[in-house]
Amino acid sequence: MLTGQNLVALRSTHSAPTVFGAGAAIGVLGGMIGLGGAEFRLPLLISLFGFAALSAVILNKAMSLVVVLVALPARMAAVPASEVAAHWPVAANLLAGSLLGAWAGASWAVRMRSVTLYKVLAALMVLMAAALVITHTTTLGTLDLTLAAQVPLGVVAGFGIGVVAAIMGVAGGELLIPTIVLLFGLGIKTAGSMSLLVSLPTMLVAFARYSRDGSFAVLGANRRFTLVMIAGSVTGSVLGGLLLGVFSDSVLMPALAVILLISAVKLARHK
């Protein structure tokens, strides 16, 4: 169950333009790097809008789910569904671990004290910053593993990604895409579409676990806030997509990584 400390700032009182603008800014950042931007949204929900850690995670998860649902049709238009379907064993392999990881991660999150959850989130923000820089500034190859090695490693990697995605309320594309490329040798575009297909059921499992503890109270109390920020995020994602390639990755990625690291420091110190 949600404890008193996790119910802090259960209802946001910020104006719709502020919420929409924040969502749009996050959407632009995500769109420029081809992701949903949930890793940037989480610290904003905590620092700007005053939500406690667990409430922010659940709100972030709800918004991430909608962004993934919106992104899927556009992604399928860019990468044929038949091409993604041809690699269904990869999705099945990762899901074997990520579904369990999502359930475990959500279970751990609802049991953590807020002060502990803030520190865990801070550590995961550092992980996301590293993944962001590595994925977008280096050329990913493949490990050329045998099937006997791919399967167990895929399950373990999927489990870890599911845990991270559930605890942070993100889709996990930052970790899924390089994992799919490195372990299974898929192209970066196909890996992007595959990551959405793996993320969707993984997020639904985390949602199912959170719902068992009454954690969804924050969604009911902040329905308008959530819808307005989702609208801003989707709008911003479209704009960010149009700006894709305008800024050099050698400049953009380090700058975004610094934003994540600053956010991590603030979360670690949050009380």
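Which hand does the crossing of helix 5 and helix 8 have? In this predicted model, the crossing of these two helices is right-handed. The report below begins with that pair, turns to a second pair of helices, and then considers individual residues.

## Two helix pairs

Helix 5 covers residues 88-111 and helix 8 covers residues 173-184; they pack at an angle of about 120°, and their axes are 12 Å apart. Helix 5 and helix 8 are therefore oblique to each other. On the side of helix 5, the contact is made by Val90, Asn93 and Leu94, while helix 8 contributes Leu176, Thr179, Ile180 and Phe184. Of the residues in this contact, 5 are nonpolar and 2 are polar, with no charged residue.

The second pair consists of helix 2, which spans residues 38-47, and helix 6, packed at an angle of about 150° with axes 10 Å apart. This angle makes helix 2 roughly antiparallel to helix 6, because angles over 145 degrees are classed in that way. The crossing of helix 2 with helix 6 is left-handed. Helix 2 takes part through Glu39, Phe40, Leu42, Pro43 and Ile46, and helix 6 through Tyr118, Leu121, Met125 and Leu132. The contact of helix 2 with helix 6 comprises 8 nonpolar residues, no polar ones and 1 charged residue.

The packing values of the two pairs are set out here.

| Helix pair | Angle | Distance between axes |
|---|---|---|
| Helix 5 and helix 8 | about 120° | 12 Å |
| Helix 2 and helix 6 | about 150° | 10 Å |

## Residues within helices

Apart from residues within four places in sequence, Ala56 is in contact with Leu42, Leu45, Ile46 and Phe51. Ala56 has a relative accessibility of 0% and therefore counts as buried, the limit for that class being under 20%. Between Ala56 and Ala102, which are 46 residues apart along the chain, the C-alpha separation is 17 Å.

Ser263 belongs to helix 12, which runs over residues 249-269. When residues up to four places away in sequence are not counted, Ser263 touches Pro43 and Met125. Both of these residues also take part in the contact between helix 2 and helix 6. A polar atom of the Ser263 side chain lies 2.9 Å from the backbone oxygen of Ile259. With a relative accessible area of 15%, Ser263 is buried.

Thr135 is part of helix 6. Its relative accessibility is 15%, so Thr135 counts as buried. Beyond its neighbours within four places in sequence, Thr135 is in contact with Leu140, Glu174 and Pro178. Thr135 and Met253 lie 118 residues apart in sequence, and the distance between their C-alpha atoms is 9.5 Å.

## A loop residue

Where does Asp144 lie? Asp144 is placed in the loop between helix 6 (114-137) and helix 7 (147-168). Is Asp144 buried or exposed? Asp144 is exposed, with a relative accessible area of 63%; the class applies because this value is over 50%. Asp144 is not a glycine, yet it has a positive phi of about 50°. Most residues other than glycine have a negative phi.

Key:
Residues are numbered from 1 along each chain as its sequence is written. This is a predicted model: local features need pLDDT of at least 70, side-chain atom pairs count only at pLDDT 80 or more; totals for chains, interfaces and linings use all residues. Side-chain values use heavy atoms; hydrogens and water are left out. Helices (H or I, at least four residues) and strands (E, at least two) are DSSP runs, numbered from the N terminus. Buried means under 20% relative accessible area, exposed over 50%, partly exposed in between (1.4 Å probe, protein chains only). Axes are lines fitted to C-alpha atoms, for helices over the stretch in contact, and angles run from 0 to 180 degrees between N-to-C directions. Angles under 35 degrees count as roughly parallel, over 145 as roughly antiparallel, 65 to 115 as roughly perpendicular and the rest as oblique. A crossing is left-handed if the near helix is turned anticlockwise from the far one by less than a right angle, and right-handed if clockwise. Contact means heavy atoms within 4.5 Å. Ala, Val, Leu, Ile, Met, Phe, Trp, Tyr, Cys and Pro count as nonpolar, Asp, Glu, Lys and Arg as charged, and the others, Gly among them, as polar. A polar contact is a pair of N or O atoms within 3.5 Å; within protein, one must be able to donate a hydrogen and the other to accept it, and residues adjacent in sequence count only if both atoms are side-chain atoms.
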